[in-house]
Amino acid sequence: MIDYYNARATEYDSLYNKPERQIDLAWMKQHFKKVFKDKRVLEVACGTGYWTQCISESAQSIFATDLSPAVLEVAGKKTYSCSVDFELKDLFELQESGETFDAVFAGFIVSHIEVQALQEFANALMKVVSPGGILVLTDNRLVPGSNTPISRTDAHGNTYQQRTLADGRSFEVLKNFSSIQQLEQTFGPYGHTRRWSLLEHYFIYTVIRA
């Protein structure tokens, strides 16, 4: 997965140019400005900083992490409206420090977590959310004709896509399309309030930590 995102870093943002997704993306950008207003935000798997830029328009500060050096290099060259610190770091290293944040944003990463590791992922995320703080997950919904087709499914129910880059290199990428029931079962017990926004191409799931 890291090899794929290192290779794709310079062309990653082009996926946000798909015409059929523009209405959803515009709504999400406005929504996130409200959600993260004046908050200290931890962004997990920040990628090339596309959503970091959006969140920075209203957040107090952002600590953005990723495991791909190449995408962090791209993100580091962009301009932001609040203080943003980037670091090459694993989520499980963050929880060891004991630091927590007003808000944690995990964009387009839950789909890259194996089904059998989803609960461990949820545990790690919620440990870095301050009591009363929020976790925001967003990811793709499966829309035939817009998403890359599923190429295979393994014994655990994980689904995969075969993705080809502009230079012709091909990678098999884990891409699970989570259901409401699956995420509610996994993340729901951590929060006293949970909210869903189901758009045509994306979903947003917010958990306010108890």
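Biologist: Which residue stands opposite Thr164 in S8?

Modeller: This is a predicted model, by the way. Strand S7, residues 159–164, is joined to S8 by five bridges, and the two run antiparallel. Across that pairing, the residue in S8 opposite Thr164 is Ser170.

Biologist: In what order do the three strands of that open sheet come?

Modeller: The pairing there is antiparallel. Its edges are strand S6 (150–153) and strand S8 (170–174), each pairing on one side only. The twist from one strand to the next averages 30 degrees. Put together, the order reads S6-S7-S8.

Biologist: Now the seven-strand sheet: which are its edge strands?

Modeller: That sheet is open too, with mixed pairing, and runs S3-S2-S1-S4-S5-S10-S9. An edge strand here pairs on one side only.

Biologist: What about helix H4, at what angle does it run to S3?

Modeller: H4 is residues 69–76, and it lies across strand S2 (61–66) as well as S3. Relative to S3, H4 runs at about 165 degrees.

Biologist: How far apart are the end C-alpha atoms of helix H2?

Modeller: H2 has 14 residues, 22–35, and at 1.5 Å a residue they should span 20 Å. The model agrees with that, as the end C-alpha atoms are apart by 20 Å.

Biologist: Within what arc do the buried residues of H2 fall?

Modeller: The buried ones are Asp24, Leu25, Met28, Phe32 and Val35. Looking down the axis of H2, these buried residues line one face of the helix, because they fall within an arc of 90 degrees.

Biologist: Which residues are exposed on the other side of H2?

Modeller: What covers the buried residues of H2 includes helix H3 (50–56) and strands S4 (101–107), S5 (129–140) and S10 (202–209). On the other side of H2, the exposed residues are Ile23 and Lys34.

Methods
Residues numbered from 1 in each chain as written. Predicted model: local features only at pLDDT ≥ 70, side-chain atom pairs only at ≥ 80, totals over all residues. Heavy atoms only, no water. Helix = DSSP H or I, 4+ residues; strand = E, 2+ residues; numbered from the N terminus. Expected span 1.5 Å × (residues − 1). Buried < 20%, exposed > 50% of the residue type's maximum accessible area, 1.4 Å probe, protein only. Arc of directions from axis to C-beta. Contact = heavy atoms within 4.5 Å. Pairing = 2+ DSSP bridges. Axes fitted to C-alpha atoms, helices over the stretch in contact; angles between N-to-C directions.
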